[in-house]
Amino acid sequence: VVLRHDDHGKYQPRGHPSDNVTGEQPSTIWDVLVLGAGPAGLTAGAFLARHGRRVTVIDNFLGNHMMNAGVVENFPGFPDGIEGPELASYLQRQSMAAGAEFLAANVESIEVSERGTPLFAVTTDAGTRVAHSIVSCTGSRPRRLGFEDEARLFGKGVSTCATCDGPLFGGRRVAVAGGGDSALDEALLLSEVASEVVVIHQEQALTGQRALIDRAQRTPNIRMHPSAGIVGLKGDDRLEGVIIRGLDGVESTLDVGALFVFIGLQPNTEFLRNIVDLDETGRVVTDGSMRASIPGLFAAGDCRTGSVAQFVTAAGDGATAGIEAHRYLTR
C-alpha cells in the first residue's frame with residue numbers, strides 16, 4: 001500500500017486497502033506517536049512496532065524530501081542508487097509489515113500533562129490522539145530567499161523542486177541558488193533538460209560533497225557563479241531574470257526561465273516551541289539518545305540539533321529514537 005497525494009492535500013490509499021492506514025480515532029492510549037513519515041519517522045515506526053509497541057506514524061506527506069529526490073546515491077545497500085519515491089515506498093512497506101499504523105493528517109498542536117508520568121495529546125486535522133511517548137521526525141522545509149517578489153513568483157518560475165518543475169523549462173537557461181549537496185544534486189538533474197544551469201552561490205568554494213562537485217564541474221552545461229548573492233528578481237506574471245550582486249557591490253541581471261532555491265533548510269518545529277528546548281535555528285535540542293528536554297519526547301532527523309540532513313543519518317536517528325522510546329516505556 002502506497003499513500004498518494006490527492007487534490008485536497010491529504011493522502012489516500014492506492015491499491016488494496018489495509019487496516020494499517022486509518023483515519024479513525026480509537027479511544028485508547030497509544031504507546032508512541034511518530035510525527036513525520038520521512039526516513040526518520042518510517043524507521044522509528046518500524047523499530048517500535050518490531051518491539052511490540054502500538055505505534056502510529058502521522059503525516060500528510062509520505063516520504064517528505066525523498067519524494068522529490070530523483071536518484072538517491074548515498075543510502076547504503078543501493079550501489080547504483082535508487083529513486084527517492086521508491087526508497088520511501090520500501091521504508092513504508094517495511095514499517096507497515098512490522099505492524100506500524102499510519103494516519104494521513106497534519107499535526108496542529110501538542111499538549112502535555114502537567115503531573116505524574118507525561119501523557120501527550122496530539123491534535124491533528126483528523127482528530128486528537130493520546131500517547132505515552134512522542135517521536136518527532138517532522139523534518140524541514142526549504143529555506144526561502146525572503147524577497148517579496150519570491151513569494152509573488154513562486155510557482156511562476158521560482159521553485160524548490162527540480163524533480164517537479166524542471167521538465168517545464170526544457171531547452172532554457174535556469175539558475176540554482178546554493179552551493180551545497182541539494183543545490184548540486186538538483187543542478188545535475190536540471191542539466192539533463194535545460195540548455196544551461198547557472199549555480200549561484202555566495203561562497204568562493206562550493207560546500208557540497210566532492211563527488212557531486214566533480215560531477216557538476218565535468219557537466220558542460222553547468223556553470224558556476226561563485227561569490228555572488230541574489231538580491232532581486234525580475235518579472236511580472238512570470239520570472240524573467242535574477243539580479244546578482246558580487247563581492248565588489250556591482251549588480252548584474254541574468255536572464256533565466258526559472259530559479260530553483262536550495263539555500264538550506266528550516267525545521268518544522270513551530271508546534272514544539274513552548275514544549276521543549278529549541279536551539280537558535282529552531283531545531284530540537286537532544287542528547288545522543290535523541291531524548292529532548294522533557295521525558296517521553298524524542299526527536300530524530302532534520303528537526304533535531306546536530307543533524308547532517310542526510311537520508312541515511314535520518315534513518316539512523318529514527319532507529320535510535322525508536323529503541324530509546326521503547327526503553328523509556330519499559331522503564
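**Cysteines**

Select C137 and C303 to begin: the sulfur of C137 lies 6.3 Å from the closest cysteine sulfur, in C303, which is too far for a bond, a disulfide being a pair of cysteine sulfur atoms within 2.5 Å. The model is predicted, so local features need pLDDT of at least 70 and side-chain atom pairs count only at pLDDT 80 or more, while totals for chains, interfaces and linings use all residues. Residues are numbered from 1 along each chain as its sequence is written, and side-chain values use heavy atoms, with hydrogens and water left out.

C137 is buried, with a relative accessible area of 4%, and C303 is buried as well, at 0%; here buried means under 20% relative accessible area, exposed over 50%, and partly exposed in between, with a 1.4 Å probe and protein chains only.

Next select C161 and C164, which are joined by a disulfide with an S to S distance of 2.1 Å; the structure holds one disulfide. The torsion about the S-S bond of C161 and C164 is about 70°, so this disulfide is right-handed. C161 counts as buried at 7% relative accessibility, whereas C164 is partly exposed, with a relative accessible area of 45%.

**The core around V34**

Now select V32, V34 and V135, which touch the most other members among the 34 residues of the largest nonpolar core. Such a core is a set of buried Ala, Val, Leu, Ile, Met, Phe, Trp, Tyr and Cys residues joined through side-chain atoms within 4.5 Å. The elements giving two or more residues to this core are β3 (30-35), α1 (39-50), β4 (55-59), α2 (84-98) and α7 (311-330), with α7 giving the most, seven residues. Helices (H or I, at least four residues) and strands (E, at least two) are DSSP runs, numbered from the N terminus.

Centre the view on V34: leaving aside its neighbours within four places in sequence, V34 is in contact (heavy atoms within 4.5 Å) with G41, A44, G45, L48, V55, T56, V57, I58, V135 and C137.

**Helix α5 and its cover**

Move on to helix α5, residues 181-190, which is mostly covered, seven of its 10 residues being buried. Those buried residues are D181, A183, L184, E186, A187, L188 and L190. To see what covers them, display elements including α4 (162-165), β11 (173-177), β12 (196-200), α6 (210-218), β13 (222-225) and β17 (258-261).

**Two positive phi angles**

Select S227, in the loop between β13 and β14, where phi is positive, about 50°, although the residue is not a glycine; S227 is buried, with a relative accessible area of 12%. Then select M290, in the loop between β18 (265-267) and β19 (297-299), whose phi is near 70°, a positive value in a residue other than glycine. M290 counts as buried at 5% relative accessibility.

**The second largest pocket**

Which residues lie nearest the centre of the second largest pocket? Among the 18 residues that line this pocket, G178, I200, H201, Q202 and I263 lie nearest its centre. Strand β14 (residues 228-234) gives the most to the lining, with three residues. The lining residues divide into nine nonpolar, eight polar and one charged.

Technical notes: 1 Å grid on protein atoms, 1.4 Å probe; cavity = no way out; pocket = protein on both sides within 12 Å on 5 of 7 lines; lining within 4 Å. Nonpolar A, V, L, I, M, F, W, Y, C, P; charged D, E, K, R; others polar.
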